[in-house]
Amino acid sequence: MPNATVCLPTYNERENIEPMLRALTALGVDVLVVDDNSPDGTGEIADRLAAELPSVSVLHRERKEGLGPAYLAGFRRALADGADYVLEMDCDFSHDPNDVPRLIAACEAGADLALGSRYVPGGGTANWGPGRRFVSAGGSWYARVLLGVSIHDLTGGFKCYRRAVLERIDLDAIHSKGYAFQIETTYRALRAGFGVVEVPIRFTDRTEGHSKMSRAIVLEAVWKVPVFRLEALTGRIR
Ligand SMILES: Nc1nc2c(ncn2[C@@H]2O[C@H](COP(=O)(O)OP(=O)(O)O)[C@@H](O)[C@H]2O)c(=O)[nH]1
Ligand SMILES: [Mg+2]
């Protein structure tokens, strides 16, 4: 396995953190848990596992600020620690840890950024009703059309970056918190000329713990997409 670090943001994932860390370490990747002081004790469980598993480390942040800031802190740490590939992944088993090697393989085969994608042939969502599928696929379609890109799943959070991508895109300029963060990072990579590929994945709803998705996170993505396009037109995203 190449030198890859999975950044795993957690907020109240007490039921999921241990099985997830065991599944990931069995694959031979490094894992960086980024915990925002979860009130349910996820951070302490992660510390205990980090003491047992040499490939696991934990970044503790003081408070919950959303997925974007947690990932940015994780990316900076992973780059400083010398990772060649940096991955994003949810800690609720919506993303199958066994798909991690496929994302890394896509980068090894030449991609700069590999996206786990629900909306390409072979990908999909298990146990989602038509309403939720429509909103999610519609959101990606909205971003795809407004940004003028050819990516089908822009809001997914299962990704593998070649380190050069994170070194090149301006991490300091990114202030998105939720789905907008996923759209923005991929858009910045595309604008910078990197090769982005979609790898089909099957997304499964979590069975343990609770989603932290909110109306504010959805609205942020809606208003930020045209802003990203404007920023690209005015040279602020390049
Ligand atoms: N560190 C950190 N992790 C978060 C935050 N919000 C969500 N997460 C984690 O991000 C992942 C995806 O969040 P989730 O609530 O499942 O979002 P959903 O899949 O869109 O419903 C999970 O591992 C969460 O624990 C946050 O503010 N800080
Ligand atoms: Mg989830």
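Reader: In which helix is the place of Glu15?

Author: This is a predicted model, in which local features need pLDDT of at least 70, side-chain atom pairs count only at pLDDT 80 or more, and totals for chains, interfaces and linings use all residues. Residues are numbered from 1 along each chain as its sequence is written, chains are lettered from A and ligands numbered from 1 in the order in which they are written, and side-chain values use heavy atoms, with hydrogens and water left out. Helices are DSSP runs of H or I with at least four residues, strands are runs of E with at least two, and both are numbered from the N terminus. Glu15 lies in the helix of residues 14-26, H1.

Reader: Is Glu15 buried, partly exposed or exposed?

Author: Buried means under 20% relative accessible area, exposed over 50%, and partly exposed in between, with a 1.4 Å probe and protein chains only. The relative accessibility of Glu15 is 35%, and Glu15 therefore counts as partly exposed.

Reader: Which residues does Glu15 touch, not counting residues up to four places away in sequence?

Author: Contact means heavy atoms within 4.5 Å. With residues up to four places away in sequence not counted, Glu15 touches Glu208 and Gly209.

Reader: Against which elements do the buried residues of H1 pack?

Author: The buried residues of H1 are Asn16, Ile17, Met20, Leu21, Leu24 and Thr25. An α-helix has 3.6 residues a turn, so residues three or four places apart point the same way. The partners of the buried residues of H1 are strand S1 (4-10), strand S2 (30-35), H2, strand S3 (56-60) and helix H4 (100-108).

Reader: Are H1 and H2 roughly parallel or roughly antiparallel?

Author: Axes are lines fitted to C-alpha atoms, for helices over the stretch in contact, and angles run from 0 to 180 degrees between N-to-C directions. Angles under 35 degrees count as roughly parallel, over 145 as roughly antiparallel, 65 to 115 as roughly perpendicular and the rest as oblique. The axes of H1 and helix H2 (residues 42-52) cross at roughly 20° and come within 9 Å. H1 and H2 are therefore roughly parallel.

Reader: How many nonpolar, polar and charged residues make the contact of H1 with H2?

Author: On the H1 side are Arg14, Ile17, Glu18, Leu21 and Arg22, which meet Thr42, Ile45, Ala46, Arg48, Leu49 and Glu52 in H2. Ala, Val, Leu, Ile, Met, Phe, Trp, Tyr, Cys and Pro count as nonpolar, Asp, Glu, Lys and Arg as charged, and the others, Gly among them, as polar. The contact of H1 with H2 has 5 nonpolar, 1 polar and 5 charged residues.

Reader: With which residues is Gly43 in contact, leaving aside neighbours within four places in sequence?

Author: Gly43 belongs to helix H2. With 3% relative accessibility, Gly43 counts as buried. Beyond its neighbours within four places in sequence, Gly43 is in contact with Asp35 and His60.

Reader: What distance separates the end C-alpha atoms of helix H3?

Author: The expected span of a helix is 1.5 Å times one less than its number of residues. For the 14 residues of H3 (residues 67-80), the span should therefore be 20 Å, and the end C-alpha atoms agree at 20 Å.

Reader: By class, which residues make the contact of H5 with H8?

Author: Helix H5 (residues 130-147) and helix H8 (residues 215-233) pack at about 15°, with axes 9 Å apart. The contact involves Tyr142, Ala143, Leu146 and Leu147 of H5, and Ala221, Val222, Val225, Pro226, Phe228 and Arg229 of H8. By class, these are 9 nonpolar, no polar and 1 charged.
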